[in-house]
Amino acid sequence: MGDVSGSQPHPSPIQLLDVEDVLKKLTKTEKAALTAGIDFWHTKAIPRLNVPSLRLSDGPNGVRGTRFFNGAPAACFPNGTALAATWDVDLLQKAGVLMGEEAKLKGAHVLLGPTVNMQRSPLGGRGFESFSEDPVLAGFAAAAIVNGVQTTGVVASIKHFVTNDQEHERMAVDSRVTERALREIYLLPFQIAVRDSRPGSFMTAYNKLNGVHLSENRRILQDVLRGEWGWEGLIMSDWFGTYSTSGAINAGLDLEMPGPTRWRGGILEHALLSKKITEHTLDLRVREVLKLSNRVRDSGVPENAPEKSQNTPETAALLRKIGSESIVLLKNESNALPFKKTETVAIIGPAAKAAAYCGGGSATLNPYYAITPFDGISGKGGSVKYSTGCYAHKMLPGLGAQVKTADGKPGVVFKAFTSPPTVTDRVPVDTIEIVDTNMYLSDYTHPKLTENLWWAEVEAYFMPDESCEFEFGLTVHGTGKLYVDGEVLVDNETTQRPGGSFFNVGTVEETGIKHVEAGKTYKIKVQWASGVTSKLAEADGVVSFGGGGLRIGGARVINVEEEIKKAVELAKSVDQVVLCVGLNSDWEQEGHDRPHMDLPEHTDALVAAVAAANPKTVVVVQSGTPVAMPWANDVAAVVQAWYGGNETGNAIADILYGDVNPSGKLSLSFPKQVEDNPAYLSYRSERGRVLYSEDIYVGYRYYEATKKAVSWPFGWGLSYTTFALSDLHVAVDDKSLIISASVENTGSVDGSEVVQVYLTQQDPSIRRPVKELKGFQKVRVEKGSRKKVEVVIERKYATSFWDEERDQWIEESGVYDVLVGNSSANTPLNASFEVAETSWWSGL
Ligand code: BGC
């Protein structure tokens, strides 16, 4: 176990508080202070009353700890859409338990996750973090994770409540949504999570909903969440997502994050004085902070604990299992898969030697390790050859892994200074050796760096193993220049261009090319000044977390045509090909949405050329959300592998070689082109608002209603075996639907199938979707055998829609069809039941 705590204060255990007694003893100043963070990741302690400082940590696909830069190594889980693609709530609960254990290692009391927003569009920058376009799958996945996390005593803060479904102008945008869509699509996953897992905390969304920011939206926080749903717990803002003092306090926002406060403290005391806020209301907020402290006591995590890393075989095994269970076999013609070890294989493609383990932004963490597809596949022991084919990076790959320090260690040396390089005798206040040259410094602190303006220098030595043209890149939030052997190669200081980096406050990657010779050593140096020196104006709706950032990248310049030719020649020479393509954390990241749904430039051409050269071409796509696959008809097999966490390459290899029989099912529809998506014309902020014009017809609800063909439908996924579903029975009483069916494994290998239960109402009084997912069950069936599956669904959740006239759920009398199958596009079994009387309901 590695302790990477640095010089943190001594941990002390958390005491049980007598909440009402503490409340009586707190001064107004203390109460005000308790409702805001003190720094990026901690709440305020009041030692005289034993009130501890609690630690909060991102979330959602692992636990990063308290540092974006040089963070303690951690377990990275597959991303949200991947987790949901397992359709396995027991496995997700286990994932949640491990997340809770990882939180404890990082000394965190609250995990900032799961993310439960909806993928209205394939283009969402954070679509990868959320689970699904379907509220029921998203709700069940969220509840399973929350239940797992909370069994460890750590509290989950489910986020972002609600309708933070795009990145464009995310702080400013007004999501305009009908009440029906809000209830049936956007609130429902949160409602299910409250019903089934009681998360101890909620995080509000940045945006407005129908005119009111969520962090001051009394109707949503007080009336719906605490009132209708009867939920108890602490509501915190998203980071810098509090925009008022009395508005937010009166609306129910308990905790402003991060600190130091902008809106509370002295201003809050003034609001008390002027009775904009009553002390009673402030007490409601403070009480939740104190109750949170009691709630997290069972975690055993002391205050200010050192951060630890514990990379165990058990953790690796669970991550590998979740990773492989999430992978979806989209297509498999002529049994191209699984690969045979006796046959030669070429691994081709830009994603083969890069581990796309995670999307970008606050979900990012420093993984214990990350297995590339190349390492995973070649680890299977067959005969393997490799060719790059083309590049697909948006930004040049990190230079850190390609260079050494003066002592010959991998990586670079980072030095922080309180004076600029013009001060020739300046002495660094901090020196860090690090491999990761993507340095996001918002939460980096050092006792001697007391001003917002400070400087850094990064130094390394580059020894190319071939003579070539080499491209270096420098991206900054702040200003910087990159020198090779003392000469400026990249100037990202004199003029700067905005580029979406560092949560959208940074520049584009500026680049420079240098001819380098094999065997020579080149000294690389970057001089950088902190975020406040940036010449970029802050864009509307952009969150600056302060600090700054710099990223150094580099890659050999290639001639794409020649590389594709090489790849084609290689493909011709082998029995089978695996093409590794996709996006990565630069393409899919917090802060901005994707401009289109295409794979990076040259990828489609590479796939087409290789597929023409070898009929046994299997394409593995890594992305968190759908990408267009214009070549899908021309390749033998397609595998959707998401961002698979630490074990991503091993999980892919397990599927390719049949060590794991694929059982993942798509957690969202893959349209043929982005224009087919129902939110295509309304997926950005237009003068401050975004209209949810597709209403409840999100994802498959729209494609089915309009009979629009998709590349791959919601719920879709193949196996190396075949299953037959039969014997559907539906038993119904006032409260529940009990649906049972038999699943027979009719093929020649053991495998798992997901029985999906959809519902449709015959002759509803208003238009409803063709069908909607209401329940599911994953079941493992050995070859040649059969198992009975039972899915129990609360009847009112299965049947009801939101009645805008009554402002309640309505269960209409009439006949309902239960459709059972293994994807939204294949529901061979059906049965009906009747509801005798119309009724309305509210709450959970
Ligand atoms: C994100 C949250 C995250 C927080 C802290 C925000 O930008 O929206 O999801 O928990 O930062 O990193």
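I count two strands as paired if DSSP finds at least two bridges between them. Strands (E, at least two residues) and helices (H or I, at least four) are DSSP runs, numbered from the N terminus.

I am working on a predicted model, where local features need pLDDT of at least 70, side-chain atom pairs count only at pLDDT 80 or more, and totals for chains, interfaces and linings use all residues. Residues are numbered from 1 along each chain as its sequence is written, and side-chain values use heavy atoms, without hydrogens or water.

**Sheet.** I looked up an open sheet of four strands. Its order is E8-E7-E5-E28, and the pairing is mixed. Strand E8 (212-213) and strand E28 (689-691) are the edges, each pairing on one side only. I then followed E7 (residues 208-209) into E8: two bridges join them, and they run antiparallel. Lys-208 has His-213 in E8 as its bridge partner. I note that strands of a sheet pair through backbone hydrogen bonds, either parallel or antiparallel.

**Ligand shell.** Next I went to the ligand. I call a residue near if one of its heavy atoms lies within 4 Å. There are 14 residues around the ligand, and Asp-58, Arg-126, His-160, Asp-238 and Glu-590 come nearest. I sorted the shell into six nonpolar, two polar and six charged residues. Here Ala, Val, Leu, Ile, Met, Phe, Trp, Tyr, Cys and Pro count as nonpolar, Asp, Glu, Lys and Arg as charged, and the others, Gly among them, as polar.

A polar side-chain atom of His-160 lies 2.7 Å from a ligand oxygen. For Tyr-206 the distance to a ligand oxygen is 3.0 Å. For an N or O atom in the side chain of Arg-170 it is 3.5 Å. The protein covers 100% of the 310 Å² of accessible area that the ligand has on its own (Shrake-Rupley method, 1.4 Å probe).

**Backbone checks.** I found a cis peptide bond from Asp-58 to Gly-59, with omega near -5°. Gly-59 is in the loop between strand E2 (56-58) and helix H3 (80-85). Another cis peptide bond joins Lys-159 and His-160, with omega about -5°. His-160 itself is in strand E4 (residues 155-161). I also checked Trp-87: its phi is near 50°, a positive value in a residue other than glycine. Trp-87 lies in the loop between H3 and helix H4 (89-105).

Conventions: Polar contact = N/O pair within 3.5 Å; in protein donor to acceptor, adjacent residues only side chain to side chain.
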